[in-house]
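Hi everyone, thanks for coming. Let's bring it up on the screen.

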Amino acid sequence: MPSTTIISTAACSDGFRAGSRSAAALPAALLHLAHIPGLGAVRLNRLLHAFGSAEAVLQAGTAGLTGIVPARLAEAIVQTDTRREQAAVEAWLARGEGRDLLTLADADYPPALAELTDPPPLLYLHGRRELLQQPMLAVVGSRQATPQGKRDATRFARALAGSGLTVVSGLAAGIDAAAHEGALAAGGGTVGVIGTGIDRIYPAANRDLAHRMAAEGLLVSELPLGSPPLAAHFPRRNRVIAGLSLGCLVVEADLESGSLITAQLALEAGREVFAMPGSIHSPVAKGCHALIREGAKLTECLEDILSELPPVLLPPPATARAQAVPQVIEDAVLAALGTEILTLDSLAGRTGLTVDTLLGMLLAHELAGQVVGLPGGRYQRML
């Protein structure tokens, strides 16, 4: 298994400060249950439903628990000492701002996630907790993404963030990382649901991205601190991604991709599924083509997504995107491109616009099929 990196403290400015939850206010009974090996979300939710609270579960004793869970689990619940694990959670919460716990009983637990048959009873959060209340769209895909796939994920994430949606993905290499980067570049919100403990980064190459997300977005995990990147953890992560989202866009995926699991979980949760087509010769297009054959919406532009989402659930456009660019400036960008292939710097020099302004305008032109992005940060007008 590739190495993981322990995450360092990252400052946040969202007002959710570590230490705001006192030791006395920690959900000690729920933390105890969450650290019992073999007691997953399904069985834990079954116990909570049967007894009404985590405290009542612990008061039931072995005899009261047996029959709802296997005897070995009932004994483990009563006999396991989790004080060391709970102390580690207290220490993690105290290490920096933006760290918190979210329980299924909290008023701000995302309603869409609570609708799952096995919602996470406990979530670890690092970053802007309020993002969980925003409308989200999942953008997922292959870890072995093509350069074009990464560009597409980045552009669509920028466009989604510009439309006011929060982009959620799994902080994996390839499409996931590109989607998070695109949302951050647009100044929008992005949520990374991870398949390790919240104190670990996997893959280690995404360390810097994870720190930025802890400061500007949100990292989420239902796994205990220190949990390694085991294969069994990622389907659990995928169901949380699907549960949080209004829909799921698959950018690239082979037939064995975990992204197809996310798409299937989204369907089962009643969410919309979108897939981008690709070359018939590309292995990472085959999963998307399979989804399209099974009824996923073939997606070529932002409107393909927005048109399928209930308008009442869509947020108003982000402020930066709501300020319309005068048509004369839009036309000037296309005129400056002419028939040449230009870099951003060259285009900025010709138009007098900033790179940030140009990126937003070029994205709109790309999604409209008027401009194509080329390797090396170059652009060409489609004539």
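Let's start with Gln380, which touches Glu340, Ile341, Gln370, Val371, Val372 and Leu374, leaving aside residues up to four places away in sequence. Please keep in mind that we are looking at a predicted model.

Where along the chain does Gln380 sit? Gln380 belongs to strand S14, which covers residues 378–381. And is Gln380 buried, partly exposed or exposed? Its relative accessible area is 28%, so Gln380 counts as partly exposed. Here is another pair to look at: Gln380 and Leu334 are 46 residues apart in sequence, while their C-alpha atoms are 9.2 Å apart in space.

In our case, 3 strands make an open sheet in the order S12-S14-S13, with antiparallel pairing. Why does one side of S12 and of S13 lack a neighbour in the sheet? Strand S12 (341–343) and strand S13 (371–374) are at the edges and have a single partner strand each, so one side of each stays without a neighbour there. From one strand to the next, the twist averages 30 degrees.

Let's look at one pairing in detail. S12 and S14 are joined in the antiparallel sense over 3 bridges. Within S14, Tyr379 is the bridge partner of Leu342.

Finally, there is a helix to find on your screen. Helix H17, residues 344–351, lies across S12 and S14 and runs at about 90 degrees to S12.

Technical notes: Residues are numbered from 1 along each chain as its sequence is written. This is a predicted model: local features need pLDDT of at least 70, side-chain atom pairs count only at pLDDT 80 or more; totals for chains, interfaces and linings use all residues. Side-chain values use heavy atoms; hydrogens and water are left out. Helices (H or I, at least four residues) and strands (E, at least two) are DSSP runs, numbered from the N terminus. Buried means under 20% relative accessible area, exposed over 50%, partly exposed in between (1.4 Å probe, protein chains only). Contact means heavy atoms within 4.5 Å. Two strands pair if DSSP finds at least two bridges between them. Axes are lines fitted to C-alpha atoms, for helices over the stretch in contact, and angles run from 0 to 180 degrees between N-to-C directions.
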